[in-house]
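I opened my notebook today to look up a few things about how a protein chain packs together. Come along and check each entry against the picture.

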Amino acid sequence: PNCSYLLVGCTGGLGQSLTRWMVKNGARYIVLTSRQVSKVDRAWLDELRQMGAEIQLHELDISNKQALLTMRANLQNSFPPIAGVTNAAMVLSDRLFSDMTVEHLNMVLEPKVTGSANLDEIFSTPTLDFFVLFSSLASVVGNRGQSNYGAANLFMTSLAAQRKRKGLVGSVLDIGMVLGIGYVSQNSIYETTLRRFN
């Protein structure tokens, strides 16, 4: 309860579930970031506050290092020190590799590669309790049409391993398709992907 937790990209269904669980288990200072603050569920934020949490919501693209540094500086005046960081930010742009442009590659890499590297650099102190990167099982088993997404996720795996070699906390969760609350379910992507590649 005397620490803050920075949850990047955790405003969708899966992130909401995780944040609710953290607050139920004693977390009191939660910092949430999203590229589109206007789309964040206000009823969910109110629920967290009614459970006793203090919430700060920031519109932020973590691939912008200066914006991330500014947010951290502002937090130092209002919230306790950050003790845990997660990066669940993602952008999908599925297409066969032969049809992929540099733009489609980079837009998927930025939140997971540039964003994770920025978080790693800024939060590289041994005082963190956790530094968790949200990856996908698709990067392990492969998924036709998602070579950009797979590469971005595998970068995070390497980054977590590098942090551990430095004596820092670092973990990766290779998440499969989450039915009911995940991004795939909420955006009907599973059915669309099946139609596109089958």
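**Ground rules**

I am looking at a predicted model, in which local features need pLDDT of at least 70, side-chain atom pairs count only at pLDDT 80 or more, and totals for chains, interfaces and linings use all residues. Residues are numbered from 1 along each chain as its sequence is written, and side-chain values use heavy atoms, with hydrogens and water left out.

I took helices (H or I, at least four residues) and strands (E, at least two) as DSSP runs, numbered from the N terminus. For their axes I used lines fitted to C-alpha atoms, for helices over the stretch in contact, with angles from 0 to 180 degrees between N-to-C directions.

**Entry 1: α4 and α6**

I looked up helix α4 (residues 102–122) against helix α6 (residues 147–165). The axes of α4 and α6 come within 8 Å and cross at roughly 15°. That makes α4 roughly parallel to α6; the label covers angles under 35 degrees, while over 145 is roughly antiparallel, 65 to 115 roughly perpendicular and the rest oblique.

Which residues of α4 and α6 make the contact? From α4 I noted H104, L105, V108, L109, K112, V113, S116, A117 and D120. From α6 I noted N148, Y149, A151, A152, N153, F155, M156, L159, Q162 and R163. Contact here means heavy atoms within 4.5 Å.

I sorted the contact residues of α4 with α6 into 11 nonpolar, five polar and three charged. In this sorting, Ala, Val, Leu, Ile, Met, Phe, Trp, Tyr, Cys and Pro are nonpolar, Asp, Glu, Lys and Arg are charged, and the others, Gly among them, are polar.

**Entry 2: D120, inside α4**

I then picked out D120, which sits in helix α4. Is D120 buried or exposed? D120 is buried, with a relative accessible area of 10%; buried means under 20%, exposed over 50%, and partly exposed in between (1.4 Å probe, protein chains only). Leaving out residues up to four places away in sequence, D120 touches F131, L159, Q162 and R163.

**Entry 3: α3 and α4**

Next I turned to helix α3 (residues 65–75), which packs against α4 at an angle of about 40°, with the axes 10 Å apart. That makes α3 oblique to α4. The crossing of α3 and α4 is right-handed. I found K65, L68, L69 and R72 of α3 meeting N118, L119, E121 and I122 of α4. These contact residues divide into four nonpolar, one polar and three charged.

**Entry 4: α1 and α2**

For α1 (13–24) and helix α2 (residues 42–50), I noted axes that come within 10 Å and cross at roughly 10°. The two helices α1 and α2 are therefore roughly parallel to each other. G15, Q16, T19, R20 and V23 of α1 meet W44, E47 and L48 of α2. By class, I have three nonpolar, three polar and two charged residues there.

**Entry 5: cysteines**

How many disulfides does the structure hold? I found zero disulfides, taking a disulfide as a pair of cysteine sulfur atoms within 2.5 Å. The sulfur of C3 is 18 Å from the closest cysteine sulfur, in C10, and that is too far for a bond. C3 is partly exposed at 26% relative accessible area, whereas C10 is buried at 1%.

I found T11 in the loop between β1 (4–8) and α1, and T11 is buried at 15% relative accessible area. T11 and K39 are 28 residues apart in sequence, with 8.9 Å from C-alpha to C-alpha.

L60 lies in the loop between β3 (54–59) and α3, and L60 is buried at 8%. Beyond its neighbours within four places in sequence, L60 is in contact with T33, S34, R35, A67, L68 and M71.

T86 belongs to strand β4 (residues 82–87) and is buried at 4% relative accessibility. Not counting residues up to four places away in sequence, T86 touches L6, L7, V8, C10, F130, V132 and F134.

Key:
A crossing is left-handed if the near helix is turned anticlockwise from the far one by less than a right angle, and right-handed if clockwise.
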